[in-house]
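Hi,

Here is the structure I said I'd pass on.

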Amino acid sequence: MADPNTAATANRRRHVFDSSFYPVVALVFILIACVELCDASTVVDVYRLIQYDISGAPFGSRASSLNHHAGSSFSAPGSDLSRTVAILSLRELNETFIREYIDQGKPLGGLLLLLPQVFRSDNSQTVVDDSEYTDMKKQLTDLEQRLIHSTIQYPVYFAFEDEDLAKVLADIQRNDAAGQPATATTGGYKFIVTSTAPKKLASPTMTNIQGWLPGLKADGDSNQLPTIAIVASYDTFGAAPGLSVGSDSNGSGVVALLEIARLFSVLYSNPNTRGRYNLLFGLTSGGPYNYNGTQKWLRSFDQRLRESIDYAICLNSLSSGDNGLWLHVSKPPENAYVKQIFEGLSNVAEELGLKVGLKHKKINVSNSRVAWEHEQFSRLRVTAATLSGLSVAPNLLENTGGIADKREFVNEAAIVRSVKLVAESLARHIYGQEGKNINIFADNSSLAVSPSYIGSWLDLLSRTPRVAPFLSKDDAFIMALKKELADHVVEVNLQHDVIDGMFTFYDSTVGTLQIYQVASVTFDLLLLLVLGSYLITLFSFLVISTRGVDDLISLFRRPPSRKAKAA
């Protein structure tokens, strides 16, 4: 028979458990709700501003970690932003803010630059009108140059606009305009990028790719055939290595070289149409760095090969020449080879409805700086010229395939015309047809220029960042270039070399940004007060339920003094 006292005790314990279980569950749900309310998170892919040195002089962003509250360019003038991450949209570029915090180097906790979706490498849907794009591209190009040539002590990141970031930016701007910037006291948004300190890249390499189409010697001819070189630099440089795809500079030159190799491979595959010239194709690296890869590639040639080169044609930024192209040369226009190249291009250009201008620029032997790729040939006394849509020689690290150089803004028809111009003029020279109105690469023939081939390779290049220090020797893109060239020419090989020691590069080029919406200190104190009151009430309830009111009162009763205890 069960003991009545034992049963009563069990019932009382069950009642106490039931009365305490539900308040504890409610407390857990309150804490979870508060965490969700006070610590909502958004994750965004971000791309860090490049960090590099030239002859020991530092440039670019020198830090990578972020952990500060967010602000905007609407912050009150004179505000201390040394512990604030400023978020700034390209659409609302604040020139005063840029001048103070980039040009003049005022302290800032960090900078997040928002780019329109049209500048994404994988963008295929966004459409902008010409006037809007022209303004945005110019703004971004100017901003890139200022960032690249500045020394910035705080982290700078790029991200692309989306709905979440638009909401965050609107909230931040609204609070800043109202004079309520985010702080530890007022709350707001907090930006965090966790990253280790950037490290120097050890011995970054350049990889040159070359291939041949050997010409046909006449019977009994023991002399070496003359050579024509077609060259294009394939790598890029921009404010963000992870975004520098260079669709025009120099993706257009690369696809033009590949298409020219494809066209001449058809002619040279038949002994009856093989020319009496060797064709040398070179895809060079190190273009942004004074064409350092081209220089080392040429110095690897033996004297016999170098002397066999009649001339070289370097292809650069062909899409920029909407109204025509420019032939840049180092030798005087009166030079026989220069006249031959220019006249051959001019004759074909006239038939195509194009204009080709001639630009002569002497080489300063005492200055190692070169503006065009052909100047590295000229320094070794090899006749060469650069065909480009650019009329003016760019400065160092300018027009090297930055963020604004995207596929959507490349004139594909201009590249097709440039390929036909170069291929036709070369073929007429090789086969002795100069000045004759013939069309070797006629449309709708087996030798027609293929817009689909050019477009497909342009698509690939426009999705592939190609900053040389971050490409390994066996990078998938380099292997793809090698394989494609090998499909059209022979003796394709790679040449690896180290980038000129005057350039030093650092890692940490991409990251993940976490955006937290944090509550103010006032909210934290109020939450602490509510939780404290709740816990005191719960504790009192549990004591009354188990031990009675008298025990609860005794807990708060003042203990007797020592004198009373002694008495």
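Let's start with a loop: S317 sits in the one between strand 13 (309-316) and strand 14 (325-329); strands (E, at least two residues) and helices (H or I, at least four) are DSSP runs, numbered from the N terminus. Phi of S317 is near 50°, which is a positive value in a residue other than glycine.

Before the rest, some housekeeping. This is a predicted model, so local features need pLDDT of at least 70 and side-chain atom pairs count only at pLDDT 80 or more, while totals for chains, interfaces and linings use all residues. Numbering runs from 1 along each chain as its sequence is written, and side-chain values use heavy atoms, with hydrogens and water left out.

Another loop to check is the one between strand 11 (227-233) and helix 5, where N250 lies. The peptide bond from S249 to N250 is cis, with omega near 0°.

Now the helices. Helix 5 (residues 251-268) and helix 10 have axes that come within 10 Å and cross at roughly 40° (axes are lines fitted to C-alpha atoms, for helices over the stretch in contact, and angles run from 0 to 180 degrees between N-to-C directions). Helix 8 (residues 336-352) also packs on helix 10 (residues 412-430), at about 125° with the axes 9 Å apart. That makes helix 8 oblique to helix 10 (under 35 degrees is roughly parallel, over 145 roughly antiparallel, 65 to 115 roughly perpendicular, and the rest oblique). The crossing of helix 8 and helix 10 is right-handed, and helix 5 passes helix 10 in a right-handed crossing too (the near helix is turned clockwise from the far one by less than a right angle).

The largest pocket has a volume of about 720 Å³. It has 31 lining residues, with K137, T141, D248, S320 and N399 closest to its centre. Domain 1 (42-200 + 509-518) and domain 2 (205-498) both contribute to that lining, so the pocket lies between them.

Of the 20 residues lining the largest cavity, G287, P288, Y291, N399 and T400 lie nearest its centre.

For the terms: on a 1 Å grid over the protein atoms alone, a cavity is a set of points where a 1.4 Å probe fits but cannot get out, a pocket is an open set with protein on both sides within 12 Å along at least five of seven lines, and lining residues have an atom within 4 Å of a point.

Cheers

Definitions and conventions. Points joined across faces, edges and corners; volume = space filled by probe spheres on them. Domains from an automatic or database assignment.
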